[in-house]
Amino acid sequence: MAGRPVDHQRRDELLDAVVDYTVEHGLSELSWRPVAAGVGVSPTTLVHHFGTKEQMLQIVLERLRQRMFAATRDAAGAYPDLATAARAVWVRTSDPRRQAEFRLFFAVYGRALQAPEQFADFLDHVVTDWMTSLREARVPDTDPETATRTATLVIATIRGLLLDLLATGDRDRVHGAAESFLSTLEHRP
């Protein structure tokens, strides 16, 4: 089995299934037997396609990050200014259908802060991906330093609101707070 080449198309299909499984079940269930049973393959198949459990975790987190960022970037990139982009990001990230995805995101974030060497790639991208996208949506003639500060504020506020929403489930209160914040972006020079 070790000498058999990896079918990359099959690996990608398995990876998407493993990411979906992880979003649904969380990191605590990310071990060979439960994942294999959940995606309908043998543990040996997972080892063949992903290597060690740690390698599988890194690959899963990278794919999850790519999925989340692509969807958020697509939402933000379709709009001409920061206020509209930030509102699109909030609508997408606070969507109840994304709840499990963001619960996993914050679980990984917490673990990454405890073990930065294990989650270095995650930490390298967790802010910079969104930062780049939001800086590009700035008001014309905004200097890069101001655009960076504003993007930092948007990222931190949206993540804080998402944590509150996940912790309390109080959609009306949290959405009201989000609306208050987002309206301040519309009035920026």
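This is a predicted model: local features need pLDDT of at least 70, side-chain atom pairs count only at pLDDT 80 or more; totals for chains, interfaces and linings use all residues.
Trainee: What makes a space a cavity?

Mentor: On a 1 Å grid over the protein atoms alone, a cavity is a set of points where a 1.4 Å probe fits but cannot get out. Points are joined across faces, edges and corners, and the volume is the space filled by probe spheres set on them. Three cavities of 30 Å³ or more are counted here.

Trainee: Which residues lie nearest the centre of the largest cavity?

Mentor: R65, M68, F105, F122 and V126, out of 13 lining residues. A lining residue has an atom within 4 Å of a point. Two or more of the lining residues come from each of α4 (53-77), α6 (99-114), α7 (120-125) and α8 (128-136). α4 gives the most, with five. Helices here are DSSP runs of H or I, at least four residues, numbered from the N terminus.

Trainee: How does the lining of the largest cavity divide by class?

Mentor: Nine nonpolar, one polar and three charged residues. Ala, Val, Leu, Ile, Met, Phe, Trp, Tyr, Cys and Pro count as nonpolar, Asp, Glu, Lys and Arg as charged, and the others, Gly among them, as polar.

Trainee: What lines the second largest cavity?

Mentor: Q58, L61, E62, R65, F119, D121 and F122. The volume of this second cavity is about 50 Å³. α4 gives the most to its lining, with four residues. By class, the lining has three nonpolar, one polar and three charged residues.

Trainee: Why is the pair E13 and R10 called a salt bridge?

Mentor: The rule asks for a side-chain nitrogen of Lys or Arg within 4 Å of a carboxyl oxygen of Asp or Glu. The closest N and O atoms of E13 and R10 are 3.8 Å apart, so the pair qualifies. Both lie in helix α1 (residues 8-25), three residues apart, about one turn of the helix. In total, 15 salt bridges are counted.

Trainee: Why is E13 called partly exposed?

Mentor: Buried means under 20% relative accessible area, exposed over 50%, partly exposed in between (1.4 Å probe, protein chains only). E13 has 42%, so E13 falls in between. R10, at 33%, is partly exposed too.

Trainee: Which class does each partner get in the pair R97 and D95?

Mentor: Their salt bridge spans 2.5 Å, N to O. R97 has 68% relative accessible area, so R97 is exposed. D95 has 16%, so D95 is buried. In another salt bridge, R92 and E101 meet at 3.1 Å, N to O. R92 and E101 are both buried.

Trainee: Which residues are linked in a network of salt bridges?

Mentor: D12, D16, D20, R63 and R67.

Trainee: How do you know that the span of α1 is close to the expected one?

Mentor: The expected span is 1.5 Å times one less than the number of residues. α1 has 18 residues, and 26 Å is expected. From first C-alpha to last, α1 reaches 25 Å, close to that value. G26 follows α1, with a positive phi near 85 degrees.

Notes. Residues are numbered from 1 along each chain as its sequence is written. Side-chain values use heavy atoms; hydrogens and water are left out. On a 1 Å grid over the protein atoms alone, a cavity is a set of points where a 1.4 Å probe fits but cannot get out, and a pocket is an open set with protein on both sides within 12 Å along at least five of seven lines; lining residues have an atom within 4 Å of a point.
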